[in-house]
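Work through the exercises below with the sequence and the coordinates open beside you.

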Amino acid sequence: MNDLVRALRQNRLGVAGLLLVATIFLVALSAPLIAPGDPFRMDWTPFLPPGSDHLLGTDNIGRDVYALMVHGTKVSLLFAFGAAGVSLLMGMLLGGIAGYYGGLIDDLISRLSDAFLIIPRLFLIIVIVALFGSQLWMVVLVIGVTLWPANARIMRAQVMSLRERGFVQAARVAGGSDAAIIFGQITPNSLGPVLANSVLQMAYAVLTEASLAFLGLGDPNVPSWGQILYSGQNYLSSAPWLMIFPGLALAVLLLSLHLVGTALVESLNPKLRPVRRVPLSARAGAAPRMEV
Amino acid sequence: MPRYLFRRIAQILPVILALVMFNFVLVHVAPGDPATALAGDSAPLEYIEELRASYGLNEPLHVQLGIYLQKLVQGNLGYSFAYRKPVLDVLLSRLFPTLLLVGVSQLIAIPLGIVLGALAARHRNSWLDTSISASMLALYSIPVFWLGLVFILFFAVQLQWLPSSGMMGFSYGRPPDPFDIARHLALPLSVLALHTLPIYARITRESVIEAAQDDSITTARAIGYPEAVVFRRFALRNALLPVTTVAGLSLSSLFAGALLVETVFAWPGMGRLMYDAVSQRDFPVLMGGFLFTSVMVVVGSLITDIVYVYLDPRVVYK
């Protein structure tokens with residue numbers, strides 16, 4: 001965990017991404033303050049271009065795009081944290097079990113995750129949502145459930161390499177139960193790579209929600225960026241702002257999540273770690289410090 | 001090699017069977033009547049009754065599964081009332097446009113991605129690397145359907161250079177004009193190619209950098225090969241293997257991208273078909289499309305595995 005924080009600090013783009021995500025998070029939290037009232041109210045003339053009254057214009061049925069966008073932030077972040085969270089928990093649990101016990105259980109979980117990794121995820125999610133409806137929490141859950149195998153794989157590899165280390169052996173000798181060893185000793189030490197991957201999965205979850213909404217499979221009862229795009233695509237030439245702003249917002253959120261995720265993943269792969277430019281004066285002095 | 005092939009096919013069959021089972025389970029746990037899920041919303045009542053009999057929906061579940069599997073093996077994916085055709089016929093009629101779009105876009109994206117990734121790795125940490133990596137990351141962050149809308153707004157609406165939807169103009173009775181199709185293909189093709197480009201550029205860059213740290217590179221340099229030869233013959237060639245793997249693994253995201261691109265550009269492929277099936281609640285087409293695409297992706301990944309074996313003489317499969 002501390003490694004991750006340190007790695008992120010060394011990567012300027014990663015820090016920039018983190019700041020952007022934090023800003024978007026703040027917008028979501030302060031939505032009732034900066035865009036008070038029901039974002040769905042249709043009180044205005046449709047298709048007003050962006051201006052002083054309506055910062056981002058109004059949509060085809062007279063709703064304020066700014067209010068829709070601000071409140072849509074909440075949905076994107078809900079999917080980012082919700083779906084990636086479900087995937088993180090499932091991945092750690094199943095990957096941990098597979099790596100710790102090995103044998104038949106490992107085979108079973110590994111085959112299942114192979115199958116999940118290969119099937120076209122978006123198609124699967126579309127079929128399920130089309131059949132079962134688009135209630136927000138169910139879609140969060142479905143996306144999370146389709147994402148776990150990548151985390152399980154990483155977790156499994158981590159657990160397998162840690163299983164035989166001294167501190168785990170010591171815990172075993174001291175009489176720790178399997179659960180205590182997995183969650184007390186192994187999990188905290190294998191969190192880094194799984195968390196790094198989870199940040200990238202957050203981006204995937206945001207993108208999937210937007211794609212579903214864009215295909216008309218979003219939850220109609222909550223405002224979301226994809227939903228604005230869905231209705232805006234029919235007015236490309238007459239009201240391009242309906243398309244431009246939500247798309248930009250999505251791209252910025254995805255970019256910042258990718259920046260953070262990539263910085264973390266790269267920091268964990270020693271071969272990809274950026275070469276640090278050491279000033280000549282320093283080079284002449286002591287030998288480079290070995291990191292332990 | 002034949003034994004390896006046999007084993008790989010044996011590994012894939014359970015996945016396909018699991019997909020079929022999954023489809024079957026979905027039909028039954030979906031809210032409402034399984035017969036409606038099998039027939040779609042536009043089917044008349046008599047047909048739903050007929051389905052109930054022909055799929056044995058009043059029989060126990062295992063009998064139903066047997067009938068379902070038997071029908072699938074015979075290529076019967078159900079009947080679509082929205083199109084008044086068997087589902088398989090509907091799907092096959094949409095196969096060519098999708099394969100055209102996906103195939104040509106990858107013919108552009110893969111070589112271009114490799115070139116960009118190799119350039120970035122060759123000049124690592126230079127301004128060239130920074131600008132390639134940054135633009136690839138930015139491109140990767142743009143939702144593909146939004147990129148499509150931006151392209152329509154710019155190239156079709158503003159500049160009026162290219163058509164924004166469909167596969168060809170009206171051509172009553174005349175044979176399809178390849179030039180017309182190419183004009184219609186241009187925008188969706190570019191968007192899908194740009195969507196997958198960053199994946200290849202990124203993996204090429206990473207694997208070239210990793211390959212360049214291999215001992216064989218040091219040896220080649222020590223022998224005195226010029227740097228360009230070391231790079232091309234040793235680093236790049238070794239680095240291309242992971243690109244094959246990634247191409248296989250990204251098949252499902254490629255088809256997902258194709259679905260969204262086809263939706264935006266009304267390209268008459270399988271993705272657009274599935275989008276229309278969602279809005280018409282045409283479940284047979286939707287589930288048939290899912291099964292069909294899944295099988296294509298599974299078989300496609302098998303093919304990349306085989307290509308991999310041919311590319312890398314070091315890989316020996318027992």
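**Exercise 1.** How far apart do the C-alpha centres of domain 1 of chain B and domain 2 of chain B lie? Describe also the side of domain 1 that touches domain 2.

*Solution.* This is a predicted model, in which local features need pLDDT of at least 70 and side-chain atom pairs count only at pLDDT 80 or more, while totals for chains, interfaces and linings use all residues. Residues are numbered from 1 along each chain as its sequence is written, with chains lettered from A and ligands numbered from 1 in the order in which they are written.

Begin with the bounds, which come from an automatic or database domain assignment: in chain B, domain 1 covers 12–73 and domain 2 covers 88–311. The C-alpha centres of these two domains of chain B lie 35 Å apart. Next, take the contacts (C-beta atoms, placed from the backbone, within 7 Å): 13 residues of domain 1 of chain B are in contact with 11 residues of domain 2 of chain B. On the domain 1 side, the elements giving two or more residues are α1 (2–29) and α2 (34–39) of chain B, helices being DSSP runs of H or I with at least four residues, numbered from the N terminus. The largest share of that side, 7 residues, comes from α1(B).

**Exercise 2.** Which elements of chain A give two or more residues to the side that touches chain B?

*Solution.* The contact between the chains takes 35 residues from chain A and 42 residues from chain B. On the side of chain A, the elements that give two or more residues are α5 (103–118), α6 (121–132), α9 (178–214) and α11, and the largest share, 9 residues, comes from α6(A).

**Exercise 3.** At what angle do helix α11 of chain A and helix α8 of chain B pack?

*Solution.* Helix α11(A), residues 241–268, and helix α8(B), residues 144–158, pack at about 145°, with their axes 10 Å apart; axes are lines fitted to C-alpha atoms over the stretch in contact, and angles run from 0 to 180 degrees between N-to-C directions. The residues that make the contact are A:M243, A:G247 and A:L250 from α11(A), together with B:W146, B:L149 and B:L153 from α8(B).

**Exercise 4.** Where in chain A is confidence lowest, and where highest?

*Solution.* Confidence in chain A is lowest in helix α12(A), residues 280–284, at a mean of 39, and highest in helix α4(A), residues 65–101, at 92.

Technical notes
Contact = placed C-beta atoms within 7 Å. pLDDT = per-residue confidence, 0-100.
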